[in-house]
Amino acid sequence: MSIAALSTLLDALDDEALALVDGNGCIVAWNRAAETLTRRAATDVLGTPLDALDLGDLGRIMPGVSPTRSDEVTVDDARAGALRVRLRALPEGGHVLRFRAAPAAEPSDGAALTRLAAVVPGLLFSFRCRADGTFEFPYMSGQFLRETLPGGVSFQGDAALSFVHPDDLDGVLASIGRAGREEREWHAEFRVRLPQLGERCVEGRAVPVPGAEGVLVWYGALHDVERRKAAELALAASAAKFRSYVEDAPFALFVSGDDGRIVDCNAAAVELLGYPAAALTGMSLATLHPEPLPATVSASLAAASAVCRVEFDEQMRRADGRLIDIQLRAVRMRDGQTLSFVQDITQRRRTQRRERLHSEVNRVLAEAQSLHEATPRLLAALCGALGWDLAAVWVIDERSRVLRCRGTWHRGEGAIEALAGYTRAVTFATGVGLPGRVWATQKLVHVAPVCAASGCLRAELATAAGLDSALGIPVIVDGRLEGVIDALGRGITAPDAPLRALFATLGDQLGQFIARRRAQDAAERFLSSSPAVIYALRVEAGELRTTWISDNVLALTGDSREDALAPDWWARRVHPADLPAVRAAHPWPYTAGAQTLEYRLRRADGEYRWVRDEKRPHGGELIGALSDVSERVRLEDQLRQAQKMEAIGQLAAGVAHDFNNLLTVILGYSGLLIAAADPHDPRRQQLVEIRGAGERAAALTRQLLAFSRKQILEPRIVDLNEALTNIERMLHRLIGENITLSLALAPELSRVRVDPVQFEQVVMNLAVNARDAMPEGGRLTIATRDVVLDAEACRRCPELKPGRHTVIVIADTGCGMPPDVQAHIFEPFFTTKESGKGTGLGLATVFGIVRQSEGRIEVATAPGAGTCFTIYLPALDRSGAPAADGAGAAPSARGGETVLLVEDEEDVRQITRLMLEQAGYRVVEAATGAQALALAADPRCTPDVLLTDVVMPEMSGRELAEQLRLRYPKLQAVFMSGYTDAAMVKHGLVDLDAAFVNKPFAVHTLAAKLREVLGPGEPGRG
C-alpha cells in the first residue's frame, strides 16, 4: 500500500493515536487521536521533521527498524508526559508510529493494515476495478471476516459482490462508476446478506488513489447502520402519532424554524386565519401582524429560542383583512424548532379596550398642551381600542367655512398612507363627504360600503386600500358643532347603544378641549410662522434649561418641541468647542441687557448649523430668538477662501513673466551648446544637467500658473472615455504592478471642452497621489458618468451652473487623510510627503486646471478608508465632433524663410535669434513695434512670418501684427510670451486659435511652431 493510501486511512481512524513519517523523516500524517494525546495540532507538525518534535531518540532509532519487525520505545514528552511509541518500517519507505500514554504490550508481527483494522469497527478494504468490469480486492480486514463469515467462505474478487442484496447491486455499481469517473469520494447505503447476521443495512465510503498505469485503487470502510435505520423508522412512527395529536387539537398550532417561518400548522390554524395550509407554510408569524412587529413581541419570539416558554397577547390579520386578538404561547422543542399555541381572544379584548379607551382619552386631554399634540395620541387610542385603520380630526375653519383636517393616525403604509395624505390635504364643505354630512346633520353617520356612498371624495382611495366602511362622530359643545372625528376601516359596524354613549362623551370632551385651546393655537401659529425660534430659558445648577420653545424648532434642529424641553438639550446640541462661550454668556443671576451670540448648533441628523442667538432678560427668565445664519457664514467662508487663493494666484502670476524670460535664455543657450558639443566631451553632461534644471524650473512655473488658473489653455472637444483608455497603459506603468487599476466608463458619455494635455496631467497627478497612499498595494478605480445638477445643488457649488455635467471619479483604497490634512490639500506647497519627495504643487495644479476649465473638484476621505476625488465638468452635446489633434507626419522643422523677430528683452531676443539661425531661418530683429514697422517698410526685408512678444512697451504684439498686415495681408504671425492668460487678454490676444508659443521654449519647439504656421518648406529653400 502506498504512503498516500496509508495516510488516508490513518486520517480516518480516531481510536488510536497514529502518525506516518516518510522516507525523509518528515511527518505526512497525524490523526486526531495523536493530536489529543500529544497535545500537538496536525497543522503544526505536518511537513516538519520528526526530530523537531524533541521526542527522545526516535529519529536515531528509525533507520534501524526493518519492515519485518516493530520496535517500541519509551519517550518523555514535555507536553504529554511519558509515551510509549511503537515504530514499524514500511517496505516502500517511511514508518508508522503509534503513541500510547502507558506501556502496553503489542504484537510485533503482522502487516500494518492488519494492526490498524483491529481497532477500526467494521470492514477496512481496498479494491480495483479490472478492465473487464470485474473487481479485485487486494485487502480486507480479517477480524470482520472472522465474525461474519463461516470458515471456507471467500470474500475476495467478485465473490464479495455476491453478498450485496440483488435489488441494490446495480445502484452500488453505478455509484462506484460515477465516483470513479469524477475521481471523488464514493458513499452509498445498501443492504447485504451475511451468513452469520442475515440481511443488514450498511454504509460504505471509499476514496480513490491513482495507482499503477492510471488504475484507481479505492481505500475505504464498511459500517453496519442497521440500528440507525431502525431508529429512523421509529422516529417516523412517532412523528405520525404527533401529527394526529396536532390535527385533532382544538386550538391553532404553528411550528416554525430558526428563521421564524412556519413549517407546519394544523386545521385549527387554517380555520383561525382563513389561509390555506399551503399559503401559511413559509410565512412568518411576524408577517401576519397588522404592523411591523413591536420590539416587545420580537424579543418574546426570539426568547422562545433561548428559554422553554414565552406568552404574550397581540393581534393578527386574517386572510379576509379582519383583525383578531390572539394569545400566543411559544415553546422551544428539542429539535430547535418553536411550537406556538394561538387562541382567539377578540371578544374579551374588545370589552377591555372600550373600558381603557375612556380613561385614556381623559388622560390625553389632561396632559396635552395643544390640539396638535393631543390629536395623534387621541386617534391612536381610538384606533387601537376599536380596530380602525385610519382616523382623523376635523375642525371648522370659520373664515372659509370648511372642515380642515387637524391630524390623522393610520395603520400600515402603501395605499393607506396615500389615503392619509389625501385626507390631510382635502377640505369638506357642509353636506359634502362623510365629515360634511356629520356637520350638516350634527349626528353620527355610518357608511358601509364606502364605494356606494354618494359624494364620498375618498371612496376610490379607501377601496384601493381595502377599507370598506366608515364612521363619522360629531364633536358638539353647548349645542354647537366644533368638529368631527371620522374613521375608516374594515368591517366597521354601526355602533350599539353603549358605544354611541361612549362616542357622545368623547365628543363632548374633545369639543371642550378645542374651545379651550383655540386661543393658544392662534398664538402658536403666529410664532411658528416666524423664521426665528422663540424660546424662554433659565439657568439651573449652572446648566441651560429651556422652559418653553416654539414649534418651529423642528425645522431648525430636527428636534421636536418635547425634545428641546429636555434638561440636557442645550448641552447636547451646542458644538463642544462653542459650549464654554455659550455657558459664559449666561451667568446667573443674569444682569446684562440685550445680547447677541453666534455659535454652531447640531441638528438631529448630525449636521451643524450656525445660529444667531439674540436674547434679553424678562422676569426670572431669558427670552430669546434663534435664527439660522449658516448660509451667510458659508458664503463668508467661501469669500475668504477665494480671496486667499486669488492672492496666492496673483503672486504666482506676478513672477511668471520674469522667470519665463530667464528660463528662455537658460534653456536656449544650454540647448545650443549641447547641440554643438562633442558627444564625447565630459562637459556635455554638465550642460545636459543645466538644461534639465531649467526644464524642471519651467515645469514648476507652469504648475504655479495652473494653480492660479492663469495659464493659457488650448481647449478642445474631448471624449473623456477615449482619453482615459488611451492613457490606461501609461497609468499601469506609473502606479506599479502591486496596484490594480480598474476603469468603469459609462457608455454614451457626454463630451467636454478641456485642454487634453492638461486633463492628462490632472489624471496623472491624482494617480501618483493614489500610488503614494498605497505603498503595500491596493486598488485604483477611475469611473465616468453623466449627472444633471439642479439649482439647489449649484447653490451649494457656485462654480457650477445648473444642467448636465460629466463626472470623473478617481478613488483609491489607500491610507486616507484626516480632516486637518484634507482642509489644506489644494493649497500650494502644502505636502505631507517626506522632504525631497514632493513639491506640494500636484493637487494645487489639479485644482487650478479644473477650476480654469469651469469645473469643480471635491474630495471624500477618512483615515484608513481611502480617498475619492470627484471632478465635475460642464457637458457638451455628444454630436459635437472632437477637435483635430494635429496627429500625423510632422513637417521638417528647418526652413529658409525670413523671420521678423520682435522682442523688447535683449537677452531673450539674442538667444531667440540664435535659435532661428540654427534652424536655417534668416532673421531680422527689432526691439520695439516701431522699429519692426520701419524695418518691414524696406523692400529688401520682406518678412515671411512675424515672431513677436505679446506684451511690449508702446505697442503690443497683436497691434504690431495688425499694422504689418496692412502692408502684407497674408503675413503669418506667431506670438510668444511668459505672461499669464490675463495679460494676454489685456493686450489683445483673445483668439485661442492664434499661433502661440509659451516661454520658456526650446529650439525644436520654436522651429516646429514656425513650420506649422508656414507650412512645408518650398523646394530649394533652407
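User: In which loop does Pro 449 lie?

Analyst: In this predicted model, Pro 449 lies in the loop between two numbered elements, strand 19 (445–447) and helix 16 (459–464). Such elements are DSSP runs numbered from the N terminus: helices are H or I with at least four residues, and strands are E with at least two. The loop asked for is therefore the one between strand 19 and helix 16.

User: What is the omega of the peptide bond from Ala 448 to Pro 449?

Analyst: Residues are numbered from 1 along each chain as its sequence is written, and side-chain values use heavy atoms, with hydrogens and water left out. Local features need pLDDT of at least 70, side-chain atom pairs count only at pLDDT 80 or more, and totals for chains, interfaces and linings use all residues. The peptide bond from Ala 448 to Pro 449 is cis, and its omega is near -5 degrees.

User: What average pLDDT does the chain have?

Analyst: pLDDT is the predictor's confidence in each residue, from 0 to 100. Of the residues, 81% score at least 70. The chain average is 78.

User: How many contacts beyond four places in sequence does the model have for residues 880–892?

Analyst: A contact means heavy atoms within 4.5 Å. Over residues 880–892, pLDDT stays under 50. For this stretch, the contacts beyond four places in sequence number 11.

User: How many contacts beyond near neighbours in sequence does the stretch 1018–1022 have?

Analyst: Residues 1018–1022 also have a pLDDT below 50. In the model, the number of their contacts beyond near neighbours in sequence is six.

User: Is Ser 670 buried or exposed?

Analyst: Ser 670 lies in helix 22 (residues 630–676). Apart from residues up to four places away in sequence, Ser 670 touches Leu 687, Ile 690 and Arg 691. Buried means under 20% relative accessible area, exposed over 50%, and partly exposed in between (1.4 Å probe, protein chains only). Because its relative accessible area is 3%, Ser 670 is buried.

User: How far apart are the C-alpha atoms of Arg 98 and Arg 84?

Analyst: Arg 98 is found in strand 5 (residues 95–100), and with a relative accessible area of 11% Arg 98 is buried. Arg 84 is 14 residues away from Arg 98 along the chain. Their C-alpha atoms are separated by 8.1 Å.

User: Why do the buried residues of helix 31 line one face of the helix?

Analyst: The buried residues of helix 31 (residues 929–936) are Gly 929, Ala 932 and Ala 936. They line one face because, seen down the helix axis, they fall within an arc of 55 degrees. The arc is that of the directions from the helix axis to the C-beta atoms.

User: What is the phi of Arg 401?

Analyst: Arg 401 lies in the loop between strand 16 (390–397) and strand 17 (402–410). Its relative accessible area is 43%, so Arg 401 is partly exposed. Although Arg 401 is not a glycine, its phi is positive, at about 55 degrees.

User: Where does Gln 442 lie?

Analyst: Gln 442 is not a glycine, yet has a positive phi of about 55 degrees. With a relative accessible area of 35%, Gln 442 is partly exposed. Gln 442 lies in the loop between helix 15 and strand 19.
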